Amino acid sequence: DDLERLAIPAMHADADVVVVDELGKIELASPAFRDAVSALFERSVAVVATVHAHHHPFTDELKRRPCVEVLRLTRSNRNELPSTIASRLRG
C-alpha cells in the first residue's frame, strides 16, 4: 500500500530529476508501479534509478532503451559514483 500511496504520486511530480530507489522484486510485483515507471520513462525528465542485478523482463527492457545508461555499483566505484551521476546529469 505504501508503495502505491507514496512512490507512484512522487513519480508524477513536476521535477527536473526523479530518483527511484528501487526497481526490485517487491516493487515490480505491483502492476500500478510498473505502469508509473513506464510513464516516467516516457516523460522528458532525467531519471536516476537503482535496479536489481537479476534479470527481469521489465527492467531488462528499460535497460535496453537508447536513452538509458547503466552504471554498475561496485566496491571500487561506490565512493565516486555519486559525482559521476551528478556530472552526467549536469550534462
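This is a predicted model: local features need pLDDT of at least 70, side-chain atom pairs count only at pLDDT 80 or more; totals for chains, interfaces and linings use all residues.

Colleague: Okay, and which side chain does Glu-69 meet in a salt bridge?

Modeller: That's Arg-88, with 2.7 Å from N to O. The pair links distant parts of the chain, since Glu-69 is in the loop between H4 and H5 while Arg-88 is in helix H5, 19 residues apart.

Colleague: Is Arg-88 buried, exposed or partly exposed?

Modeller: Partly exposed, because its relative accessibility is 43%.

Colleague: Why would two side chains like that pair up at all?

Modeller: Side chains of opposite charge can pair when their charged atoms come close.

Colleague: How many salt bridges are there in the whole structure?

Modeller: A search turns up four. One of them joins the side chains of Arg-65 and Glu-42, at 3.0 Å from N to O. That pair also links distant parts of the chain: Arg-65 sits in the loop between H4 and H5, Glu-42 in helix H3, and they are 23 residues apart.

Colleague: Which of those counts as buried, and which as exposed?

Modeller: Arg-65 has 17% relative accessibility, so it counts as buried. The cut-off for buried is under 20%. Glu-42 is at 60%, so it counts as exposed.

Colleague: What else is linked with Glu-42 and Arg-65 in a network?

Modeller: Glu-61. Those three residues are linked in a network of salt bridges.

Colleague: And what about Arg-5, what does its side chain meet?

Modeller: The side chain of Asp-2, in a salt bridge of 2.7 Å from N to O. Both residues lie in helix H1, which covers residues 2-11, and they are three residues apart, about one turn of the helix. Arg-5 counts as exposed because it has 52% relative accessibility, and Asp-2 counts as partly exposed because it has 48%.

Colleague: New topic: pockets. How much space lies in the largest one?

Modeller: About 990 Å³. It has 29 lining residues, and the ones nearest its centre are Ala-49, Val-51, Glu-69, Val-70 and Leu-71.

Colleague: What's the lining like by class?

Modeller: There are 19 nonpolar residues, four polar and six charged.

Colleague: Let's go to the surface. Which residues form a nonpolar patch there?

Modeller: Val-17, Val-19 and Leu-89, with about 250 Å² of accessible area together. Val-19 is in strand E1, which runs over residues 17-23. At 61% relative accessibility, Val-19 is exposed, because the cut-off for that is over 50%.

Colleague: Where is Asp-21?

Modeller: Asp-21 is in strand E1. With 66% relative accessibility, Asp-21 counts as exposed.

Colleague: How far apart are Asp-21 and Glu-4 in sequence and in space?

Modeller: They are 17 residues apart in sequence and 14 Å apart in space, going from C-alpha to C-alpha.

How values were computed:
Residues are numbered from 1 along each chain as its sequence is written. Side-chain values use heavy atoms; hydrogens and water are left out. On a 1 Å grid over the protein atoms alone, a cavity is a set of points where a 1.4 Å probe fits but cannot get out, and a pocket is an open set with protein on both sides within 12 Å along at least five of seven lines; lining residues have an atom within 4 Å of a point. Grid points are joined across faces, edges and corners, and a volume is the space filled by probe spheres set on the points. Ala, Val, Leu, Ile, Met, Phe, Trp, Tyr, Cys and Pro count as nonpolar, Asp, Glu, Lys and Arg as charged, and the others, Gly among them, as polar. Patches are made of residues with over 30% relative accessible area and no salt bridge: like charges are joined within 9 Å, nonpolar side chains (Val, Leu, Ile, Met, Phe, Trp, Tyr) within 5 Å. Accessible areas come from the Shrake-Rupley method with a 1.4 Å probe; for residues, only the protein chains shown count as cover. Helices (H or I, at least four residues) and strands (E, at least two) are DSSP runs, numbered from the N terminus. Buried means under 20% relative accessible area, exposed over 50%, partly exposed in between (1.4 Å probe, protein chains only).
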